[in-house]
Amino acid sequence: MDPIKILFAEDDVNLGKVLTTYLTSKGYDVTHATNGEIAYEAFCTKTFDICIVDVMMPLMDGFTLTQEIRKLDKKIPIIFLTAKNLQEDLIKGFTIGGDDYITKPFSIEELQARIQALLRRTAAQETGNDIIELGSITFDKKRQTLTIQGEEKRISTRETQLLEMLVDKKNDILERGYALKKIWGDDSFYNARNMDVYITKLRKYFKSEPKIQILNIHGIGFKFVM
């Protein structure tokens, strides 16, 4: 089983080292970013299961970072770390997409307990969501199949990943560079051409479903319209 991947955005170097060392010792795969801009770049490049975000950071604060992450991924769990305990900050944090909030100083064991609890809630919410009805077509993410007019068709891992990202951003724009970095690891010209081929294949699969279109948004990315 792959380790849980954590994006940890914290500008306090000492606290960052302590928490990274502890969480790594507990089996987590931790990427520590010392400011919001580095954290955002890491999020765009790698895949994570949960984010731990300090509110007060240079270059890009935790609230702004969360807003940018939520533009790309509406589901990933986010825990805020803050030295403040003001009600307006709590409200703002939850309003922009935070899932939990922990005030400094805190025990490392409490943070780990909150991580585990949030991941359990997220897993429970996603149970049964492997099968998605897209008009007349059934998409089974786990089995990597599309059922089209009663006929089951197996699709590749890349096709599954790309379709899942398009569906997650349904009726919204999936940014080209973000998808390339998440699925292929970088946004090179060669990988971009590969992605275009997969988009063409996905369009063919949905040709029989008039309610669905996969649109090119020139210079930006793609939109799965349903």
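Residues are numbered from 1 along each chain as its sequence is written, and side-chain values use heavy atoms, with hydrogens and water left out. Because the model is predicted, local features need pLDDT of at least 70 and side-chain atom pairs count only at pLDDT 80 or more, while totals for chains, interfaces and linings use all residues.

The sheet is open, with its four strands in the order E6-E7-E8-E9 and antiparallel pairing; helices (H or I, at least four residues) and strands (E, at least two) are DSSP runs numbered from the N terminus, and two strands pair if DSSP finds at least two bridges between them. E6 and strand E9 (151-154) stand at the edges with a single partner strand each, so one side of each has no neighbour in the sheet. Neighbouring strands are turned by 20° against each other on average, direction ignored, where axes are lines fitted to C-alpha atoms, for helices over the stretch in contact, and angles run from 0 to 180 degrees between N-to-C directions.

Strand E6 (residues 131-134) is joined to E7 by four bridges, and Leu-134 has Ile-137 as its bridge partner in E7. Two residues lie between the strands of this hairpin, in which Gly-135 takes a positive phi near 65°. E7 is joined in turn to strand E8 (residues 145-148) by three bridges, and this second hairpin has four residues between its strands, with Gln-144 in the turn at a positive phi of about 55°. In a regular strand the side chains alternate between the two faces of the sheet. In E7 (residues 137-140), Ile-137 and Phe-139 point one way and Thr-138 and Asp-140 the other, and all are buried, that is, under 20% relative accessible area, with exposed over 50% and partly exposed in between (1.4 Å probe, protein chains only).

Leu-146, whose bridge partner in E9 is Lys-153, is among the residues that touch the most other members of the largest nonpolar core, which has 50 residues. Such a core is a set of buried Ala, Val, Leu, Ile, Met, Phe, Trp, Tyr and Cys residues joined through side-chain atoms within 4.5 Å.

Helix H7 (residues 176-183) has six of its eight residues buried, so it is largely enclosed by the rest of the structure. What covers its buried residues includes helix H2 (36-45), helix H6 (157-168) and helix H8 (189-205), contact meaning heavy atoms within 4.5 Å. Just after H7, Gly-185 takes a positive phi of about 95°.
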